[in-house]
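This briefing is intended for a reader who has the sequence and the coordinates at hand. It treats domains, ligand surroundings, strands, a helix and selected residues in turn.

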Amino acid sequence: MKRIGVLTSGGDAPGMNAAIRAVVRKAIYHDIEVYGIKYGYQGLMEGNIEKMEIGSVGDIIHRGGTIIYSARSEEFKTDAGQEKGIEQLKKFGIEGLIIIGGDGSFRGAQKLTEKGYPCIGIPGTIDNDIAGTDFTIGFDTALNTIIEAIDKVRDTATSHKRTYIIEVMGRDAGDLALWAGLADGAESILIPEVKDEFDEVIERLKRGHERGKKHSIIVLAEGVGSGFDYGKRIEETSDLETRVTVLGYIQRGGSPTASDRVLASRLGGYAVDLLRKGEAGRMVGIQNNKLVNHDILEILAQPHTIDKDMYQLSKELSI
Ligand code: ATP
């Protein structure tokens, strides 16, 4: 393989730049040219493609976001859209593609692979909702951003007797809420994978209140519902006062943590190795600190699960 492309797609995640850097440098090291495709599949269809050099990825390892930008494209989900993309790949002589993104992006990668263009997926999403890898790029940074924010809420919380609800990202996956809740000693963690346990939450809050606890923290994943609605529900059912903080997009930003930079560099380099070996339709990941790769179709067929032991532990620690 003499020429490959790289694109970032779907929601951006801190560490994507470190992955792009690794792809570009590793490929150039092995005498492979790299083309950066801007704005994901949208840019691919439009031919928004530029050659990248060693220097193109200088000074980006510590930056959040993605220097080649990201996008979502409905058109690319159609056969006609994918054919448009393939035309551009042919025009630029690109023989293989590395896609950094979430599960939607991998569906696109699979479609291109089926149409004869070898693609390798790198899991880049703060949600940590992809099977076949213990961690996705961006999760650790987002988690640390959340923890920093909760610590600050805690500082002000000690001055009042209130219940604080922190709404974090995670429409279908509760990993961010679970890890942040455990790391910050939350009283309750509300995640989409577990059915509503409102009575239990109220019981726990009341117990804490009765034993003189000054404040309580609830971490809620957005997939469970609005933090404001949950707060209202608590106030209607008890005499507890609530305050809600929705963290929103700050969770997507910021300089990637050391863990994310190392993970992104390892996965980026490994993805290039797989393309060089002639692999296609694979997703790279990390399991038990070893680099692994899986068939994308198999990964997409697996439902996301949370660590049930960790969830149970969080309950036992917040009696
Ligand atoms: P995140 O987890 O951050 O949302 P994602 O990769 O899952 O990231 P999506 O919006 O689901 O984000 O997908 C990104 C893009 O991948 C879509 O906008 C679309 O262009 C492409 N894509 C998604 N599903 C398909 C599909 N079935 N066939 C072809 N392309 C697809």
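Helices, as named here, are DSSP runs of H or I with at least four residues, numbered from the N terminus. The model is predicted. In it, helix α4 (residues 103-114) supplies 6 residues to the shell around the ligand, the largest share. The domain assignment divides the protein into domain 1 (3-138 + 256-301) and domain 2 (140-252).

**Domains and annotation**

- The C-alpha centres of domain 1 and domain 2 are 34 Å apart.
- The contact between them draws 15 residues from domain 1 and 12 residues from domain 2.
- On the side of domain 1 that touches domain 2 there are 5 nonpolar, 6 polar and 4 charged residues.
- According to an unreviewed UniProt entry, the annotation "domain: Phosphofructokinase" covers residues 3-275.
- That span, residues 3-275, is 43% helix and 18% strand, and its end C-alpha atoms lie 10 Å apart.

**Ligand surroundings**

- The shell around the ligand comprises 18 residues, of which G10, G11, G102, G104 and G108 come nearest.
- By class, this shell holds 2 nonpolar, 10 polar and 6 charged residues.

**Strands β1, β4 and β5**

- Strand β1 (residues 3-8) pairs with β4 in the parallel sense over 5 bridges, and T8 has I100 as its bridge partner in β4.
- Strand β4 (residues 96-101) is in turn joined to β5 by 5 bridges, and these two strands also run parallel.
- In strand β5 (residues 119-123), 5 of the 5 residues are buried.
- Both faces of β5 are covered, with C119, G121 and P123 on one side and I120 and I122 on the other.

**Helix α6**

- Helix α6 (residues 175-183) is mostly covered, with 7 of its 9 residues buried.
- The buried residues of α6 are D175, L176, A177, L178, W179, A180 and G181.
- These buried residues pack against the helices α5 (139-157) and α11 (308-317) and against the strands β6 (162-168), β7 (188-190) and β8 (215-221).
- After α6 comes G185, which has a positive phi near 60°.

**The annotated active-site residue**

- UniProt, in an unreviewed entry, lists D127 for "active site".
- D127 is placed in the loop between β5 and α5.
- D127 counts as buried because it has 26 C-beta neighbours inside 10 Å, where 20 or more are needed.
- Apart from its neighbours within four places in sequence, D127 is in contact with M169, G170, A173, D175 and L176.
- Two of these contacts, D175 and L176, are among the buried residues of α6.

**Loop residue E95**

- E95 belongs to the loop between α3 (79-92) and β4.
- With 17 C-beta neighbours inside 10 Å, E95 is classed as partly exposed, because the count falls between the limits of 12 or fewer for exposed and 20 or more for buried.
- When neighbours within four places in sequence are set aside, E95 is in contact with M1, K2, R3 and I4.
- E95 and K152 are separated by 57 residues in sequence and by 49 Å in space, C-alpha to C-alpha.

- D31 is not a glycine, yet its phi is positive, at about 60°.
- D31 sits in the loop between α1 (16-29) and β2 (33-37).
- D31 is exposed, since 7 other C-beta atoms lie within 10 Å and the limit for exposure is 12 or fewer.
- N288, a residue other than glycine, likewise has a positive phi, near 50°.
- N288 is located in the loop between β10 (282-287) and β11 (290-295).
- N288 is exposed, with 6 other C-beta atoms within 10 Å.

Conventions
Residues are numbered from 1 along each chain as its sequence is written. This is a predicted model: local features need pLDDT of at least 70, side-chain atom pairs count only at pLDDT 80 or more; totals for chains, interfaces and linings use all residues. A residue is near a molecule or strand if its C-beta atom, placed from the backbone, lies within 6 Å of it. Ala, Val, Leu, Ile, Met, Phe, Trp, Tyr, Cys and Pro count as nonpolar, Asp, Glu, Lys and Arg as charged, and the others, Gly among them, as polar. UniProt positions are given in the numbering used here, feature names are shortened, and annotations may be inferred rather than shown by experiment. Domain bounds come from an automatic or database domain assignment. Two residues are in contact if their C-beta atoms, placed from the backbone, lie within 7 Å. Two strands pair if DSSP finds at least two bridges between them.
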